[in-house]
Amino acid sequence: MRSPSSASGPPPQHRVPRRAHAPAAAPSSEDQQPRPTSPTGYLFGETLAKLHGEQLETTSLAEIIPHHRAAIEMAELELERGTSPDIRTHAENIIANQQHQIERFTRWLEEWYGLTPEEATAQAPEEARQEMAVLEEETQQMLDELRQVPAGDEFDEAFVTMIIPHHQTGILEFLEPQSRAVHPELRVAASSGAMTQEMQVVDFRTWLTGRD
């Protein structure tokens, strides 16, 4: 079994000056709030808590990889349409960090288990596959809605209210692998990924509160 290369560290950071449900209607500008975290994200976290060893690692990575891809797509939309320098800088960091993790996680699935992300999804427990399908559907609904928002300040607010719950779900997905993954590299990466998203959520919430 080959050991994954650890020569390349994470990219440099920019300093910052069940059935899927349709997304809730956006609150008024006087009381702009983030969207709620997906209940399915909590269910998936509970499912991961029942898994062990290889199955825990492959199932968690099978979900985290597409979840990161969606965050990158949201961040790319922010760079196209957003105007806030702070939020655009966060979007750049999301793209760099999560692309780096996607590449690492995809490589680890292949090196450790000989699997592609799609193969890892196919062999996940049925309960996990069902929850992953709902999370994907919910994410696509949110992306479709975000694509309809015009450029400018309105887009910045829409992006922030949607990326916060997306990050919160990502944090839930990292909880079990950061404490119980077999490979120490994955435990470290999950811990780092959760911490990065937590810090970004704090910054996003602070920014949003300042606009109330």
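How are α3 and α6 oriented to each other? In this predicted model, α3 and α6 are roughly parallel to each other, where angles under 35 degrees count as roughly parallel, over 145 as roughly antiparallel, 65 to 115 as roughly perpendicular and the rest as oblique. Residues are numbered from 1 along each chain as its sequence is written. Local features need pLDDT of at least 70 and side-chain atom pairs count only at pLDDT 80 or more, while totals for chains, interfaces and linings use all residues; side-chain values use heavy atoms, without hydrogens and water.

The protein chain holds seven helices and zero strands, in the order α-α-α-α-α-α-α along the sequence. Helices (H or I, at least four residues) and strands (E, at least two) are DSSP runs, numbered from the N terminus. Of its 212 residues, 49% count as buried (under 20% relative accessible area, with exposed over 50% and partly exposed in between; 1.4 Å probe, protein chains only).

The mean pLDDT (the predictor's confidence in each residue, from 0 to 100) of the chain is 89, and 85% of the residues reach 70 or more. Over residues 1-8 the pLDDT is below 50, and this stretch has 13 contacts beyond near neighbours in sequence. Residues 15-30 also stay under 50, with 30 contacts beyond four places in sequence. Where pLDDT is low, the predicted coordinates should not be read in detail.

The axes of α3 (residues 85-113) and α6 (residues 153-180) come within 13 Å and cross at roughly 30°. Axes are lines fitted to C-alpha atoms, for helices over the stretch in contact, and angles run from 0 to 180 degrees between N-to-C directions. From α3, the contact (heavy atoms within 4.5 Å) involves Ile87, Ile94, Gln98, Gln101 and Phe105; from α6, Phe159, Val160, Ile163, His167 and Phe174 take part. By class, seven of these residues are nonpolar, three are polar and none is charged.

Phenylalanine 155 also lies in α6 and counts as buried because its relative accessibility is 0%. Beyond four places in sequence, phenylalanine 155 contacts Leu77, Glu78, Arg81, Gly82, Leu146, Val149 and Pro150.

Histidine 67 is placed in α2 (residues 53-81) and, at 6% relative accessibility, counts as buried. Leaving out residues up to four places away in sequence, histidine 67 touches His166, Thr169, Gly170 and Glu173.

Note on methods:
Ala, Val, Leu, Ile, Met, Phe, Trp, Tyr, Cys and Pro count as nonpolar, Asp, Glu, Lys and Arg as charged, and the others, Gly among them, as polar.
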